[in-house]
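Look at the model below and follow the text with the chain in view. The account starts from one pair of residues and widens from there.

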Amino acid sequence: MFENRKFPILIFIYTIGAIYLLRLFYLQVIDKDYRTIEALNSVRKEISIPLRGQIYDRHGKLIVANEEVYDMYVIPQKVLPFDTVSFCHLFGIDKPYVDSMLNQARKYSKLRASLFLRQLSKQEYSGVIDAMIQYPGFHFEQSFYRTYPGNTMANALGYIGEIPKKQYEEQEIEYYRKGDYIGLAGLEKYYELELRGTRGSRMVLMNSKMEDKGSYHEGRYDTASVIGNNLYTYVDLGVQQLADSLFQGKVGAVVAIEPATGGIIAMGSYPTYDPALLSGREFPKNYAVLTRNPDRPLNNRPVSAFYRPGSTFKLVQAAIGLGDGVITTSTSLSGNSKFAMHSAGETANLFTAIMRSSNPYFDNVLRRILHNDPKTGRAIPVEEGMKLWDEQIMRFGFGRQLGVDLPYETKGLIPTPERYDKTYGKNQWKYSTIYSISIGEGEYGVNVLKLANMAAVFANRGYWITPHIVKSTGLDVAKGKATPTEIHKTGIDKRHFEEVVKGMEMVVQSGTGRAAQISGVEVCGKTGTSQNAKGKDHAIFIAFAPKHNPKIAIAVVVENGTFGGRASAPIAGMLMEKFLKGYHNREAYKESIMNTRYTTVAGGKSVREVE
């Protein structure tokens with residue numbers, strides 16, 4: 001039986017052996033490519049880095065562009081002894097730098113290319129390329145660095161830098177090399193896969209003297225790089241730059257949204273920094289300086305900073321109160337409140353309560369909401385009412401991420417029964433314990449993006465669209481891929497929002513928001529004051545315009561500004577006018593805003609300075 005199996009097994013083994021021998025004969029004797037490579041010693045794979053996609057505003061103006069440069073790489077095994085003095089003189093570097101970079105390259109890999117020197121300009125490259133034949137093991141690859149024609153929006157745009165060690169080591173699909181650039185913050189990080197493009201490669205024949213002898217196999221195995229996709233945004237560069245000028249000497253943030261699309265028109269974080277500081281060879285040095293700055297210019301305040309919404313949150317209570325049926329527009333609420341009235345008549349009805357920002361009125365509104373079951377109308381415990389309240393305000397975007405196309409967006413804070421149980425104990429709290437939330441204080445924490453989104457909810461009369469900066473991505477604006485969004489409904493009837501909007505219009509016409517008035521435009525807004533334990537209160541203003549068919553919704557927060565009507569409303573009015581009309585007629589007003597400073601001084605107190 002075994003004799004019968006012997007011959008088939010031997011035939012199989014001999015056949016496999018013959019195939020290997022024939023393949024070796026072909027490679028070593030017949031194949032010209034193999035013999036050429038063997039004779040010339042090596043083939044080097046050169047990586048072609050594509051230009052990163054650029055970023056444009058809504059009018060086609062460049063916000064972020066590229067400048068072509070050259071990076072020098074080293075392959076340690078191919079480096080021969082060389083004159084370091086001449087080498088250092090050629091590139092304007094010193095010997096410690098050369099020794100350090102070569103040591104790092106050897107530790108990484110003796111056979112693979114490591115970054116040695118970044119960003120030589122075209123002029124610098126042309127001045128040294130002829131001398132490189134004296135320095136085998138070193139070669140250049142075309143690269144780029146970011147430039148910023150608009151010189152604005154640094155925090156939202158983000159920056160690129162060397163890929164972090166952990167991220168490099170944890171790549172699922174090997175793409176980046178040690179020292180490669182990658183988006184590290186802002187849009188650059190969020191849209192990294194779109195912006196980076198596709199790398200190309202070129203196989204180059206090298207002789208024993210490491211001289212370039214041309215493409216291997218006539219370029220048959222070369223691949224072309226593909227430029228990264230551009231980002232086409234909703235940003236209005238003129239409005240953004242005006243915001244920058246108005247926030248000089250101030251701390252805070254501004255966000256403006258197009259209500260019909262959710263597109264972000266402007267997003268400013270202040271104090272900010274020159275985006276060019278984090279582009280180029282000086283990145284490490286400049287980044288270290290910025291991180292040590294006590295004003296935290298690297299923080300993107302619109303999506304990460306926490307503020308209490310203050311009186312702006314009364315608008316949400318008004319809409320929910322109307323929707324739940326606990327008030328009507330003619331309801332008068334004046335008694336049973338720990339808050340004092342600002343002025344006579346402020347609690348007469350909903351419209352005057354909004355216009356005059358009545359604390360007693362909205363204290364009573366929230367009490368009614370939290371003790372009412374909107375489905376049955378029966379009275380319920382405050383704990384049960386709080387759970388329903390949380391569900392309702394989350395539909396406005398509070399206590400959750402909105403889904404903006406930026407990293408590190410915070411959810412914010414909302415009051416919950418669980419939080420109060422932990423603070424006061426189970427069944428140890430009631431409405432009178434937490435009444436401060438009725439005026440937007442207490443256990444609320446919102447960012448400026450959420451405040452602008454709230455303005456968009458009222459502009460749309462009951463819904464909001466996922467806020468996003470980028471309208472589309474692609475090489476051509478006409479053929480770009482649209483950014484996906486979603487419509488989010490509050491579940492409250494449109495007619496109730498129409499009533500609240502009437503009150504918002506009165507705020508700007510004859511209330512605390514008069515500084516936001518625009519000639520010929522119906523503006524609807526609400527001022528707010530956000531309590532601040534470390535100094536003067538923060539000034540808030542939200543608004544949208546025009547009243548019908550709104551084009552812009554906006555939120556402005558000036559830290560230590562105290563009153564929204566004085567510090568924030570003028571800024572919002574000027575920015576809305578710029579967007580709606582393309583200009584503003586307030587040069588004197590602008591100068592006054594720019595020269596006003598709100599600063600915190602020693603002891604936690606704050607002062608308003610006018611230069």
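Leucine 231 stands opposite threonine 473 in β14. In this naming, helices (DSSP runs of H or I, at least four residues) and strands (DSSP runs of E, at least two residues) are numbered from the N terminus. The structure is a predicted model, in which local features need pLDDT of at least 70, side-chain atom pairs count only at pLDDT 80 or more, and totals for chains, interfaces and linings use all residues. Residues are numbered from 1 along each chain as its sequence is written, and side-chain values use heavy atoms, with hydrogens and water left out.

Strand β10 covers residues 230–233 and runs antiparallel to β14, with four bridges joining the two. Two strands count as paired if DSSP finds at least two bridges between them. Asparagine 230 has glycine 474 of β14 opposite it. In a regular strand the side chains alternate between the two faces of the sheet. In β10, Asn230 and Tyr232 point one way, Leu231 and Thr233 point the other way, and all are buried. Buried means under 20% relative accessible area, exposed means over 50%, and partly exposed lies in between (1.4 Å probe, protein chains only).

Strand β10 also pairs with strand β2 (residues 55–56), here in the parallel sense and over two bridges. Tyrosine 56 has tyrosine 232 of β10 as its bridge partner.

Strand β14 takes in residues 470–474, and four of its five residues are buried. A hairpin of six residues leads from β14 to β15. Strand β15 (residues 481–482) and β14 are antiparallel and share two bridges. Serine 472 stands opposite alanine 482 in β15.

What lies in the loop between β13 and β14? Isoleucine 469 lies there, with β13 spanning residues 463–465. Its relative accessibility is 0%, so isoleucine 469 counts as buried. Beyond four places in sequence, isoleucine 469 touches Met153, Ala156, Leu187, Thr233, Tyr234, Val235, Ile264, Met267, Asp405 and Leu406. A contact means heavy atoms within 4.5 Å. Isoleucine 469 and histidine 59 are 410 residues apart in sequence, while their C-alpha atoms are 14 Å apart in space.

Another buried residue is glutamate 192, which has a relative accessible area of 7%. Glutamate 192 belongs to helix α9 (residues 192–195). Leaving aside neighbours within four places in sequence, glutamate 192 is in contact with Arg52, Tyr176, Ile182, Gly183 and Leu187.

Next comes a sheet elsewhere in the numbering. Five strands form an open sheet with antiparallel pairing, in the order β12-β11-β19-β18-β17. At the edges stand β12 (263–270) and β17 (524–530), each with a single partner strand, so one side of each has no neighbour in the sheet. From one strand to the next, the twist averages 5°. Within this sheet, strand β11 (residues 252–258) pairs with β12 over seven bridges in the antiparallel sense. Isoleucine 257 stands opposite isoleucine 264 in β12.

Which helices lie across these strands? Helix α10 (residues 237–246) lies across β11 and β12, at about 20° to β12. Helix α19 (residues 448–459) lies across β11, β12, β18 (538–545) and β19 (552–558), at about 145° to β19. Axes are lines fitted to C-alpha atoms, for helices over the stretch in contact, and angles run from 0 to 180 degrees between N-to-C directions.

The whole protein can now be described. Its secondary structure comes to 22 helices and 21 strands, and buried residues make up 54% of the 611 residues. The C-alpha atoms fill a box of roughly 100 × 80 × 50 Å along the principal axes. The radius of gyration is 32 Å, whereas a compact globule of 611 residues would have one near 25 Å. This radius is taken over C-alpha atoms, and the globule rule is 2.2 Å times the number of residues to the power 0.38. Among contacts between residues at least 6 apart in sequence, 68% join residues at least 24 apart.

Last comes confidence. The predictor's confidence in each residue, from 0 to 100, is called pLDDT. The mean pLDDT of the protein is 88, and 91% of its residues reach 70 or more. Over residues 34–41 pLDDT stays under 50, and the model has 17 contacts beyond four places in sequence for them. Over residues 601–611 pLDDT also stays under 50, with 27 such contacts in the model.
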